[in-house]
Amino acid sequence: MSFSMTGYGQSAVQYGGYKIQIEVKSVNHRYCEVMLRLPREWAGLEDTLRKLVQSQLKRGRIDVFVNKEQDGGEQAALKLDQAAVRSYIQAARELQQFEELEGRLDINQLLALPGVMTVQENGNDDDPEQWRELLEQGLGEALTGLLEMRAREGCHLAEDLRGRLDHLEQLYTEMRRLAPTVVEEHRVRLRQRLSELQDGSFHWDESRVGMEIAIFADRSNIDEELTRLASHFEQFRNLLHTDDPIGRKMDFLLQEMNREVNTIGSKANHLALVNHVVEMKAELEKIREQAANLE
């Protein structure tokens, strides 16, 4: 099964009067890059959660959002941080003394300052192991949803790639059929030109003509390129049936396919072959764009 790198999953768990919402989003990326946004008090769990994501996903930029909020059924308990208030007042007095500024802090200004009023957490926050288990559970559920979406998208991409590979193989079959005719058509054209130029003043040397045709045959031979191209097609199709990450392998195979097709184009002194080369290169570019979405 092929997996896309694009997906989304979410989950929600409740514990101790809190609701924990977790969202996981992933998009294309060359490597596996995990970005976590957690409440500050859970910063110590970042490495654990990152490893959980990396155990499930091999490629893509993955953004994990964890939001903790008071459950609607309970009211938050506010706590005044008296030490913070005294520090603010002392700082204001020192500022007045050294800078000779006028004015004073009133209660409204003090309450608006950071850290003066805090939400009083309940005793459940004292159990980090419980929170770790809950976060791993919630993240696991979100990842399951994301993987399901990536799998569905991957199936659609794989189906599209199979269809495009079928088209490439049809072009390949036609190129294989045309390849042996290139030399014979060149032989006919060469003799026709020589006949048109013949005015009785000279006679061409059959051995020289044969040598010219032999050189052309060697220079325009594309058998090796076609053989390697067939091998690349087979490997590409096999990748679509594996459960392993295939994006990088596909990218390498597509580069090799492009190289062989370019070589065929430079060798092929034949209009129909050149047209097939152009069409094959256009199809390979479309495949490259689609394959870039696969894990």
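Reader: Helices are DSSP runs of H or I with at least four residues, and strands are DSSP runs of E with at least two, both numbered from the N terminus. With that settled, in what order do the elements of the chain run?

Author: Starting at the N terminus, the order is β-β-β-α-β-β-α-α-β-α-α-α-α-α. In total that comes to 8 helices and 6 strands. This is a predicted model, where local features need pLDDT of at least 70 and side-chain atom pairs count only at pLDDT 80 or more, while totals for chains, interfaces and linings use all residues. Residues are numbered from 1 along each chain as its sequence is written, and side-chain values use heavy atoms, with hydrogens and water left out.

Reader: Good to know! Which strands form the open sheet, and in what order?

Author: The open sheet has 4 strands in the order β1-β2-β4-β3, with mixed pairing; two strands pair if DSSP finds at least two bridges between them. β1 (7–15) and β3 (32–37) are at the edges with a single partner strand each, so one side of each has no neighbour in the sheet. Direction ignored, neighbouring strands are turned by 15° against each other on average.

Reader: And how do β3 and β4 pair, parallel or antiparallel?

Author: Parallel: β3 and β4 (residues 60–70) pair over 6 bridges. Along that pairing, V34 is opposite I62 in β4, and L36 is opposite V64 in β4. In a regular strand, side chains alternate between the two faces of the sheet.

Reader: Which strands does helix α1 touch?

Author: Helix α1 (residues 46–56) packs on the sheet and touches β3 and β4, with its direction at about 140° to that of β3. Axes here are lines fitted to C-alpha atoms, for helices over the stretch in contact, and angles run from 0 to 180 degrees between N-to-C directions. Contact means heavy atoms within 4.5 Å.

Reader: What hand does the β-α-β unit of β3, α1 and β4 have, left or right?

Author: That unit is left-handed. By convention, a crossover is right-handed if, with the strands pointing away from the viewer, the path from the first strand over the helix to the second runs clockwise.

Reader: Switching topic, how many disulfides does the structure hold?

Author: It holds 0 disulfides, a disulfide being a pair of cysteine sulfur atoms within 2.5 Å. As for cysteines, C32 counts as partly exposed at 24% relative accessibility, and C155 is partly exposed at 41%. Buried means under 20% relative accessible area, exposed over 50%, and partly exposed in between (1.4 Å probe, protein chains only).

Reader: Handy. Is L45 buried or exposed?

Author: L45 counts as buried, because its relative accessibility is 15%. L45 is in the loop between β3 and α1. Leaving aside neighbours within four places in sequence, L45 is in contact with R132 and L135. L45 and L135 are 90 residues apart in sequence, and their C-alpha atoms are 9.0 Å apart in space.

Reader: Where does P245 lie?

Author: P245 is in the loop between α6 (223–239) and α7 (247–267), and it counts as partly exposed at 36% relative accessibility. Not counting residues up to four places away in sequence, P245 touches K58 and E295.

Reader: Last one: what percentage of the chain's residues count as buried?

Author: Of its 295 residues, 32% count as buried. Among contacts in the chain with a separation of 6 or more, 80% come from residues 24 or more positions apart.
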